Amino acid sequence: MEQFIMKTKIYMGEACLLQLNSLGIRRAYIICDPFMEKSGKASEIAGLLKENGAVSQVFSKVVPDPTIDVVTQGIEEMQAFAPDTVIALGGGSAIDTAKAVCHLYAAMKQEQRPQLVAVPTTSGTGSEVTSFAVISDPEAQAKYPLRDASMVPDAAFLDPALTATVPSGITADTGMDVLTHGLEAYVSTQSGDFTDACAEKAVRMVWEYLEQAVADGGNMDARAHMHNASCLAGVAFNGASLGICHSLAHALGARFHIPHGRSNAILLPHVIAYNAGLEEAGETEALFRYARIANMLGISAGTPKATVHGLIRQIRNRMKRIGIPELITELGIDREEFQQSVGSMAAKALEDNCTATNPRKPALKELEDIYGRLCKGGLG
């Protein structure tokens, strides 16, 4: 039996935030990072709610790669305020923090969690429609992917105006995260017709609009399409899950503090080559699925393997045009330190929840080999 559940109400387009007041909010706990508070974005939302008689409290201690400590602080302040709604304002870190805070708050009080609303300000994680959250433990240098159906937000507001000031580098990183979500969901062992439809559309939109959004942040048509693509890819992987590109990226990001989208991007060509078995004899279902995606994007060669090589080449060309490097050393990471960390990172990636739905079951040595290629380039 298969199932596809889509519980989040999605509001799209500029000025969609005006619909916040249709949700019956009386006490709003707004979770964001310090910049969202200083820039006035949090107070704008509080002001909107105040017009309808609601009161708000802002928790602005969110950090990149949200930590157990920040989640604990969020729960403590939430207990004192007792909201009926939690609003996550920001990128994936803010939304992941809000999900974890909301989930644990309800578990501690043994009652239904408050209404959870996501207002993403970057086009990348798709976290506004997923049951996933990733929490970090800096002491253990580890990231823990959490998953629970109760963490799926009740409503999401996709206002592209909130992404207009995102720098080009972050736009590039988060856009590559969307591409990775779409591709991993498409080849996942849990993929199906409904997740495929969302994954295909997300990949097609990234292919068409990411470079435009990076080149001209004021191009609101490109921004809107990337914001929607991010959400569609989130719907896809919420149903199909992900694969080892994310497993490897989680461990890499936790160890060297590389932005998640960039970690995915530099790993993606190598993961596609591994999953498709480009260096192996024979042909697999994953190879054919990558080839179908390539054909959809107008990439075709004489054989499925040649076609997937073409897909990888095109992805790398796009990465170069939007300023994402191929080698780990180009990110300012010491080669020797990286190589010494490969074994421990690969062990964490092997145990990561995302590895379970990868189309090819990896051995520890194979994950180590993929990391090794980040130092030398190429696919072999």
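Modeller: Strand S2 (residues 27-31) runs parallel to S3, and five bridges join them. This is a predicted model, in which local features need pLDDT of at least 70, side-chain atom pairs count only at pLDDT 80 or more, and totals for chains, interfaces and linings use all residues. Residues are numbered from 1 along each chain as its sequence is written, and side-chain values use heavy atoms, with hydrogens and water left out.

Biologist: What makes S2 and S3 a pair?

Modeller: Two strands pair if DSSP finds at least two bridges between them. S2 and S3 are joined by five bridges, so they count as paired. In one of these bridges, tyrosine 29 has glutamine 57 in S3 as its partner. The strand and helix labels are DSSP runs numbered from the N terminus: helices are H or I with at least four residues, strands are E with at least two.

Biologist: Which helices pack on the sheet there, and what do they touch?

Modeller: Helix H3 (residues 68-81) touches S2, S3 and strand S4 (85-90), and its direction makes about 160 degrees with that of S3. H4 touches S2, S4 and strand S5 (115-120), and its direction makes about 160 degrees with that of S4. Axes are lines fitted to C-alpha atoms, for helices over the stretch in contact, and angles run from 0 to 180 degrees between N-to-C directions.

Biologist: Why are S1 and S3 said to stand at the edges?

Modeller: Six strands form an open sheet with parallel pairing, in the order S1-S8-S5-S4-S2-S3. Strand S1 (9-12) and strand S3 (55-59) each have a single partner strand, so one side of each is left without a neighbour in the sheet. From one strand to the next, the twist averages 20 degrees.

Biologist: Why is threonine 97 called buried?

Modeller: Buried means under 20% relative accessible area, exposed over 50%, and partly exposed in between (1.4 Å probe, protein chains only). Threonine 97 has 0% relative accessibility, so it counts as buried. This residue lies in helix H4 (residues 92-109). Leaving aside neighbours within four places in sequence, threonine 97 is in contact (heavy atoms within 4.5 Å) with Ile31, Val62, Pro66 and Val70.

Biologist: Is tyrosine 105 buried or exposed, and how do you know?

Modeller: Tyrosine 105 has 3% relative accessibility and therefore counts as buried. Its place is also in H4. Beyond neighbours within four places in sequence, tyrosine 105 is in contact with Met78, Gln79, Ala82, Pro83 and Pro114. Tyrosine 105 and alanine 82 are 23 residues apart along the chain, with their C-alpha atoms separated by 9.9 Å.

Biologist: What makes S6 a mostly covered strand?

Modeller: Six of the six residues in strand S6 (residues 132-137) are buried. Phe132, Val134 and Ser136 point one way from S6, and Ala133, Ile135 and Asp137 point the other way. In a regular strand the side chains alternate between the two faces of the sheet. Serine 136, for one, has a relative accessible area of 7%, so it is buried. Its contacts, neighbours within four places in sequence left aside, are Asp65, Pro66, Thr67, Ile68, Ala142 and Lys143.

Biologist: How are S6 and S7 paired?

Modeller: S6 and strand S7 (residues 142-147) pair in the antiparallel sense over six bridges.

Biologist: Why is glutamine 110 called exposed?

Modeller: Glutamine 110 is at 75% relative accessibility and so counts as exposed. This residue is found in the loop between H4 and S5, and its phi is near 55 degrees, a positive value in a residue other than glycine.

Biologist: Why is glycine 323 called partly exposed?

Modeller: Glycine 323 is at 46% relative accessibility, so it counts as partly exposed. It lies in the loop between helix H11 (304-321) and helix H12 (335-351). The C-alpha atoms of glycine 323 and alanine 172, 151 residues apart along the chain, are separated by 7.6 Å.
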